[in-house]
Amino acid sequence: MPKDARATRERLLRAGAHHFAADGIDAARTRDIVTTAGQGNDSAITYHFGSRTGLLEAILRAGITRMEPARAATLPALDDPHDLPAIVAAIVHPTAGELHTEQGRDFLRITAQLAGRAGIRDHHPPALLQGTALARQLQLLETACRAALPEPLALERIAIAIAFLTTALADRTGRLDPATPHHTLLDHNTFATDLTTMLTAALQAPPPPQTSLRNHPPPHTVNPSPRGGAVR
């Protein structure tokens with residue numbers, strides 16, 4: 001790809017992330033994204049990404065890729081598939097690391113809008129997670145939760161935990177805005193560690209009394225989203 005085309009693509013990625021984060025993934029206007037990227041034609045998005053949805057998917061893929069080295073580094077230490085606190089920490093800390101950059105904060109505000117569509121409950125993760133360290137972390141999390149809980153309850157808790165995680169991180173992005181300083185804001189490490197502790201405690205809570213749900217083996221195959229697409 002020519003250098004100027006790569007530069008245009010990057011500007012569209014940053015502009016798209018900004019508007020999807022600030023305006024909402026459904027409300028953000030293509031015209032605004034193109035203008036912010038310094039382009040004069042709405043077809044720039046179609047040319048570089050195929051569609052508006054393709055742009056969103058590229059933004060999500062870029063965020064997942066940024067975190068992959070940190071996630072992959074955690075996997076060798078997760079030798080006990082039932083060590084829930086270690087698995088939760090391995091998921092939380094790389095994600096919280098996105099708070100350190102404007103690009104990462106936009107990514108977190110976008111993923112908070114998509115948390116309810118992660119495909120956890122029905123074993124239908126998006127194609128963009130296939131083969132990633134994040135996918136392996138989520139598999140380990142399910143294994144650890146299912147050791148103590150019936151599968152439907154374990155999956156429900158994981159889905160809720162992911163929604164809680166993404167919402168908490170998106171909320172913190174606003175608190176980090178230099179224009180609105182929060183003098184009582186926890187330092188980053190304390191915040192991430194406490195968030196890990198809270199999520200672990202929620203996942204480890206005993207099941208409700210007289211739970212009638214039963215464990216059953218996961219399906220042998222996973223049918224990815226046909227479009228890949230946003231984290232659902």
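Rings of Phe, Tyr and Trp (its six-membered ring) count as a pair if their centres lie within 6.5 Å. By that rule, the structure holds zero aromatic pairs. The model is a predicted one, with local features needing pLDDT of at least 70, side-chain atom pairs counting only at pLDDT 80 or more, and totals for chains, interfaces and linings using all residues. Residues are numbered from 1 along each chain as its sequence is written, and side-chain values use heavy atoms, with hydrogens and water left out.

Rings do turn up with charges, though. A charge sits over a ring if NZ of Lys or CZ of Arg is within 6 Å of the ring centre and within 35 degrees of the ring normal. Arg172 has its charged end over the ring of Phe191, 4.3 Å from the centre, while Arg66 lies over the face of Phe107, at 5.7 Å from the ring centre.

Then there is Leu134, which is buried (under 20% relative accessible area, 1.4 Å probe, protein chains only), with a value of 13%. Setting aside neighbours within four places in sequence, Leu134 is in contact (heavy atoms within 4.5 Å) with Glu68, Arg71 and Leu129. Pro94 is 40 residues away from Leu134 in sequence, and the two C-alpha atoms are 9.9 Å apart in space.

Note on methods. Phe/Tyr/Trp six-rings, centres within 6.5 Å; stacked < 30°, edge-to-face > 60°. Buried < 20%, exposed > 50% of the residue type's maximum accessible area, 1.4 Å probe, protein only.
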